[in-house]
Amino acid sequence: MRGGIFVCTTCNRYAPPSQGEPTPGQRLAQALVAIEGGRNGPVPVRTVVCLNGCPKPCTAALREPGKFTIRFSHLTAGDARGLLEIAERYAASPDGNVPLDAFPAGLRGKMSGRIPPIGAVLPPDPPHGPGHDPIPALPGFGP
């Protein structure tokens, strides 16, 4: 299976548009297809029912087998060009782990997740405990 840009068409579940109006996700997908040529373009655009970004709609993800998945939230149709730009960098990267400074400026604050691929070799967890955890555990929840 080839990867691509996956766009949630359900967004915004908490403020659905009027009957017959497209959702923000549908508008984003339409903008991507208009620019890129859709499913058969160099960056395939696929729509999905949900990417679990409901509190921060509109959501899209970059995904390819064996690579990190990168999810974006708070997108609009105006983010389509930037999303296609980062999708090309993502496709060219060996592992999908695109550095934040390579993102178009308008998308840097909209990344909402970076999920490693199954079987990825990750760096070891940092030591835990007082002085090491960036966020201390709540009383009763620590080691």
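Two strands pair if DSSP finds at least two bridges between them. Helices (H or I, at least four residues) and strands (E, at least two) are DSSP runs, numbered from the N terminus. The model is predicted: local features need pLDDT of at least 70, side-chain atom pairs count only at pLDDT 80 or more, and totals for chains, interfaces and linings use all residues. Residues are numbered from 1 along each chain as its sequence is written, and side-chain values use heavy atoms, with hydrogens and water left out.

**Figure 1. Overview of the protein, with two helices and five strands.** Along the sequence, the pattern reads β-α-β-β-β-α-β. The protein has 143 residues, and 36% of them are buried. Buried means under 20% relative accessible area, exposed over 50%, and partly exposed in between (1.4 Å probe, protein chains only). Contact means heavy atoms within 4.5 Å. Among contacts between residues at least 6 apart in sequence, 61% join residues at least 24 apart.

**Figure 2. Strand 3 and strand 4 run antiparallel.** Three bridges join the two strands. Ala61 has Arg71 in strand 4 as its bridge partner. Five residues lie between the strands of this hairpin. Gly66 takes a positive phi there, near 80°.

**Figure 3. Thr69 in strand 4.** Strand 4 also runs antiparallel to strand 5, and four bridges join them. Thr69 stands opposite Ile115 in strand 5. Is Thr69 buried or exposed? Thr69 counts as buried because its relative accessibility is 16%. Neighbours within four places in sequence are left aside in the contact list for Thr69. The list holds Ala61, Leu62, Arg63, Tyr90, Gly113, Arg114 and Ile115.

**Figure 4. Gly113 in strand 5.** Strand 5 covers residues 111-115. Gly113 has a relative accessible area of 17%, so Gly113 is buried. Apart from neighbours within four places in sequence, Gly113 is in contact with Thr69, Ile70 and Arg71. Gly113 and Ile70 are 43 residues apart in sequence. In space, their C-alpha atoms are 5.7 Å apart.

**Figure 5. The aromatic pair of Phe72 and Phe103.** The structure holds one aromatic pair. Phe72 and Phe103 form this pair, which is tilted, with 5.7 Å centre to centre and 50° between the planes. The pair links distant parts of the chain, 31 residues apart. Phe72 is in strand 4, and Phe103 is in the loop between helix 2 (80-92) and strand 5. Rings of Phe, Tyr and Trp (its six-membered ring) pair if their centres lie within 6.5 Å; planes under 30 degrees apart count as stacked, over 60 as edge-to-face and the rest as tilted. Phe72 counts as buried because its relative accessibility is 0%. Phe103 counts as buried too, at 2% relative accessibility.

**Figure 6. Asp95 in the loop between helix 2 and strand 5.** Asp95 is partly exposed, with a relative accessible area of 33%. Which residues does Asp95 contact, leaving aside its neighbours within four places in sequence? They are Gly66, Lys67 and Phe68. Asp95 and Lys67 are 28 residues apart in sequence. Their C-alpha atoms are 4.6 Å apart in space.

**Figure 7. The largest pocket, with about 260 Å³ of space.** The pocket is lined by 14 residues, and the closest to its centre are Arg63, Glu64, Lys67, Thr69 and Pro117. On a 1 Å grid over the protein atoms alone, a pocket is an open set of points with protein on both sides within 12 Å along at least five of seven lines, whereas a cavity is a set of points where a 1.4 Å probe fits but cannot get out; lining residues have an atom within 4 Å of a point. Grid points are joined across faces, edges and corners, and a volume is the space filled by probe spheres set on the points. Strand 3 (60-63) and strand 4 (69-72) each supply at least two lining residues. By class, the pocket lining has eight nonpolar, two polar and four charged residues. Ala, Val, Leu, Ile, Met, Phe, Trp, Tyr, Cys and Pro count as nonpolar, Asp, Glu, Lys and Arg as charged, and the others, Gly among them, as polar.

**Figure 8. The largest cavity, about 40 Å³ in volume.** The structure holds one cavity of 30 Å³ or more. Residues that line the largest cavity include Cys8, Cys11, Cys50 and Cys54. Arg13 and Pro57 are also among them. By class, the cavity lining has five nonpolar, three polar and one charged residues.
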